[in-house]
Amino acid sequence: MAGQGAGRVLGMNLRTRRDEQGISLSELARRSGIAKGTLSQLESGAGNPTIETVFSLSNALGVPVSALLSEPPTSDLVVVRSADVDVLTGDAVELRMLRRLESPGSLFEIYDQRIRQGKVQQSSGHPGTEHHVVLSGRLRITARDQTQELAAGDYLAFRANVPHEYEALTNEVKSVLLLEYPPDVHPATLDSLHLT
């Protein structure tokens, strides 16, 4: 993740979610597998978390990623400029969260996703369903013991609660990732998550 703004928002939201649930930094460290000192840095707005770190915190707190990364919109007209969006990076993926959409009973996150060739991005799984639309390049996704290759214009969806991985088969893959969360993903579901 790049930029001071994203670090500040993550720190503020992380502290708020932890306080809402009444858990200590030590307990969050245990649940997420992230060192207490690193969590303290993140809450203060410092540090440079990876995709893996943010998803670990999301799983540990039982909240969508956008609950940690977004500020509520302040207008009825929302324009998101790519240059203004901080990047969340992983081994092979760059994500830019463009929007969090909430309505009664549903929550969606829309990401601009870029996958670099030469590495595989792995996820241990998280709540919700992933929807992928490839804009350019060729993308290999392995999930639920199946591997699919997607080209520009192709769409794939899968429940993301199991390990899955992405690999660019061309120089760079550009795609849209939509994360759809079930209506019961909120802090109250924490006990039902299988955290390691």
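Analyst: Let's go through the terms one by one. This is a predicted model, where local features need pLDDT of at least 70 and side-chain atom pairs count only at pLDDT 80 or more, while totals for chains, interfaces and linings use all residues. Residues are numbered from 1 along each chain as its sequence is written, and side-chain values use heavy atoms, leaving out hydrogens and water.

User: Which residues make H2 and H4 meet?

Analyst: From H2 it's Leu 28, Arg 31 and Ser 32, and from H4 it's Ser 56, Leu 57, Ala 60 and Leu 61; contact means heavy atoms within 4.5 Å. By class, that's four nonpolar, two polar and one charged.

User: What puts the buried residues of H3 on the same side?

Analyst: In H3 (residues 36-43), Leu 39, Leu 42 and Glu 43 are buried, that is, under 20% relative accessible area with a 1.4 Å probe, protein chains only. They cover an arc of only 95° around the axis, so they sit on the same side of H3.

User: What makes E4 and E7 edge strands?

Analyst: The open sheet has four strands in the order E4-E9-E6-E7, with antiparallel pairing. E4 (120-123) and E7 (146-150) each pair on one side only. Pairing takes at least two DSSP bridges, and E4 and E9 (residues 164-168) have four.

Terms used:
Helix = DSSP H or I, 4+ residues; strand = E, 2+ residues; numbered from the N terminus. Nonpolar A, V, L, I, M, F, W, Y, C, P; charged D, E, K, R; others polar. Buried < 20%, exposed > 50% of the residue type's maximum accessible area, 1.4 Å probe, protein only. Arc of directions from axis to C-beta.
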